[in-house]
Amino acid sequence: MCFDLTEEQLQIEEMVRSLARNEFAPKAAEIDEASRYPEENMRKLAELGLLGMLYPAEYGGSEAGPVAYAIAVREVAAACASTAVGMAVTNMVGEAIFRFGTVEQRRKYLPALASGKGAGGFGLTEPSAGSDAFGIATTAVREGDSYILNGSKVFITNGSRACVTIVVAVTAREPKKEISAFLVEPGLRGFSVGKPEHKMGLRGSDTVSLSFDDCRVATENMLGAAGEGFRIAMAALDGGRIGISFQAVGIARAALEAAIAYAKERKQFDRPIAEFQAIQWMLADAATELDAAQLLAFRAAALKEKGKPFTREASMAKVFSSEAGNRACHKAVQILGGYGYIRDYPVERHLRDIKVSTIYEGTSEIQRVVIARELLRRASR
Ligand code: CAA
């Protein structure tokens with residue numbers, strides 16, 4: 001498998017890296033400190049076509065493809081991880097609407113997402129249904145030309161900023177549980193947004209609960225057919241997990257760069273600590289693991305770009321990148337010592353920001369379930 005980037009992908013990498021370094025990175029600490037949604041960053045991403053990278057210009061997108069998208073997420077994450085997750089979820093939602101939506105749904109929502117009119121929300125998780133996504137309890141009951149939604153969703157990224165949220169709900173229990181997906185717009189009667197969560201990291205990203213209390217959604221807002229909602233959610237997450245892999249690689253790369261710069265400057269025992277083997281080994285291990293993570297993540301993105309199955313590869317990339325990224329950020333804090341533990345340096349933020357990558361869009365444990373199931377299925381053929 002060849003990972004040489006095309007001319008266009010290299011241009012996108014250069015453009016996003018320069019934007020992220022010059023405009024996003026200088027504000028990242030303030031955004032974190034104030035738990036401020038990076039509105040202006042999202043606007044800038046929209047202007048550059050980076051919020052609709054996975055669907056065509058006909059619907060307002062830039063159709064740059066999964067590999068270019070992955071690179072863009074990585075570059076943004078290295079500067080401001082909160083912005084990167086807002087960007088990633090918006091792209092994921094847009095792609096799902098493009099793949100599973102009607103022409104009318106595409107026309108209605110995709111230009112709005114790509115132009116930054118609003119972000120995209122993905123309403124799957126509930127208070128009692130996280131890893132067991134099939135266990136959701138939110139209901140959608142057909143009544144004439146509408147569905148009436150009741151229930152609640154939690155930890156919804158972009159939830160209060162979304163111009164459209166994919167909400168997954170139970171539409172039948174008999175003869176077997178049937179889950180469907182709906183496109184829900186803000187302002188509907190019976191749809192309310194909870195207060196922002198006070199988080200450990202990604203403090204600039206918008207994370208809220210959503211409540212549905214007899215909320216009427218038109219039947220034409222069903223995404224896909226009745227009963228296809230779980231499959232749609234899982235397919236969206238397959239792609240989403242590639243984005244989170246690259247987010248983790250980006251955050252960890254920033255931490256590693258900060259650790260290298262510090263190790264060359266910081267003197268102890270009359271010499272830069274970079275000259276000590278203990279520090280060199282930490283740097284070497286982190287760099288090796290991040291390269292391996294990135295190769296796994298590129299493999300998943302390249303398979304997706306070619307239209308080949310990539311569920312297992314996305315889960316492998318996600319579990320490895322998020323865990324290796326966490327290890328790299330821990331090492332960076334260790335290398336900076338006391339300075340790594342205070343807010344004057346960025347590495348403690350990187351460590352707080354990267355933690356959730358082993359949790360959201362499927363925990364590390366769930367990624368291993370997905371990988372193992374596929375291995376066992378293959379073995380039993
Ligand atoms: N693509 C398409 N269809 C899929 C699929 C995939 N990747 N994975 C499963 N399906 C289909 C199956 O084929 C099956 O269909 P049939 O009934 O027609 O056979 C159906 O979905 C049920 O599949 P499973 O039997 O595998 O379902 P399960 O209940 O045993 O568990 C799971 C599946 C992998 C554990 C799943 O529940 C899961 O991924 N859990 C984690 C949830 C998650 O990632 N949540 C993240 C929240 S969103 C988020 O974090 C975003 C954010 O804000 C940043």
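Thr90, Val93, Gly94, Ile97 and Phe98 of helix α4 touch Gln105, Arg106, Tyr109, Leu110 and Leu113 of helix α5. This contact comprises six nonpolar, three polar and one charged residues. The model is predicted. Helix α4 covers residues 81–100 and α5 covers residues 103–114. Their packing angle is about 160°, and their axes lie 10 Å apart. Angles over 145 degrees count as roughly antiparallel, so α4 and α5 are roughly antiparallel to each other. The crossing of α4 past α5 is left-handed.

Helix α4 also packs against α3. Here the angle is about 155°, with the axes 6 Å apart. These two helices, α3 and α4, are therefore roughly antiparallel as well. From α3, the contact draws on Tyr69, Ala72, Val73, Val76, Ala77 and Ala79. From α4, Ala81, Thr83, Ala84, Met87, Ala88 and Asn91 take part. By class, the α3 and α4 contact holds ten nonpolar and two polar residues, with no charged ones.

Helix α3 has another partner, α6. Helix α3 spans residues 66–79, and α6 spans residues 229–265. The pair packs at about 35°, with axes 7 Å apart. Their crossing is right-handed. On the α3 side, the contact uses Tyr69, Ala70, Val73, Arg74, Glu75, Ala77 and Ala78. On the α6 side are Gly243, Phe246, Gln247, Val249, Gly250, Ile251, Arg253 and Ala254. The α3 and α6 contact has nine nonpolar, three polar and three charged residues. Tyr69, Val73 and Ala77 of α3 contribute both to this contact and to the one with α4.

| Helix pair | Angle | Axis separation |
|---|---|---|
| α3 and α4 | about 155° | 6 Å |
| α3 and α6 | about 35° | 7 Å |
| α4 and α5 | about 160° | 10 Å |

Next comes the ligand. There are 22 residues around the ligand, and Ser131, Thr157, Asp238, Glu361 and Arg373 come nearest. Ser131 places a polar backbone atom 2.8 Å from a nitrogen atom of the ligand. Thr157 works through its side chain: one of its N or O atoms is 2.7 Å from a ligand oxygen atom. Arg241 also has a polar side-chain atom 2.8 Å from an oxygen atom of the ligand.

Two loops show backbone features worth checking in the model. Most residues other than glycine have a negative phi, and most peptide bonds are trans. The peptide bond from Glu174 to Pro175 is cis, and its omega is near -5°. Pro175 sits in the loop that joins β4 (162–172) to β5 (178–184). Leu202 has a phi near 45°, a positive value in a residue other than glycine. Leu202 belongs to the loop between β6 (191–193) and β7 (207–218).

Key. Residues are numbered from 1 along each chain as its sequence is written. This is a predicted model: local features need pLDDT of at least 70, side-chain atom pairs count only at pLDDT 80 or more; totals for chains, interfaces and linings use all residues. Side-chain values use heavy atoms; hydrogens and water are left out. Axes are lines fitted to C-alpha atoms, for helices over the stretch in contact, and angles run from 0 to 180 degrees between N-to-C directions. Helices (H or I, at least four residues) and strands (E, at least two) are DSSP runs, numbered from the N terminus. A crossing is left-handed if the near helix is turned anticlockwise from the far one by less than a right angle, and right-handed if clockwise. Contact means heavy atoms within 4.5 Å. Ala, Val, Leu, Ile, Met, Phe, Trp, Tyr, Cys and Pro count as nonpolar, Asp, Glu, Lys and Arg as charged, and the others, Gly among them, as polar. Angles under 35 degrees count as roughly parallel, over 145 as roughly antiparallel, 65 to 115 as roughly perpendicular and the rest as oblique. A residue is near a molecule or strand if one of its heavy atoms lies within 4 Å of it. A polar contact is a pair of N or O atoms within 3.5 Å; within protein, one must be able to donate a hydrogen and the other to accept it, and residues adjacent in sequence count only if both atoms are side-chain atoms.
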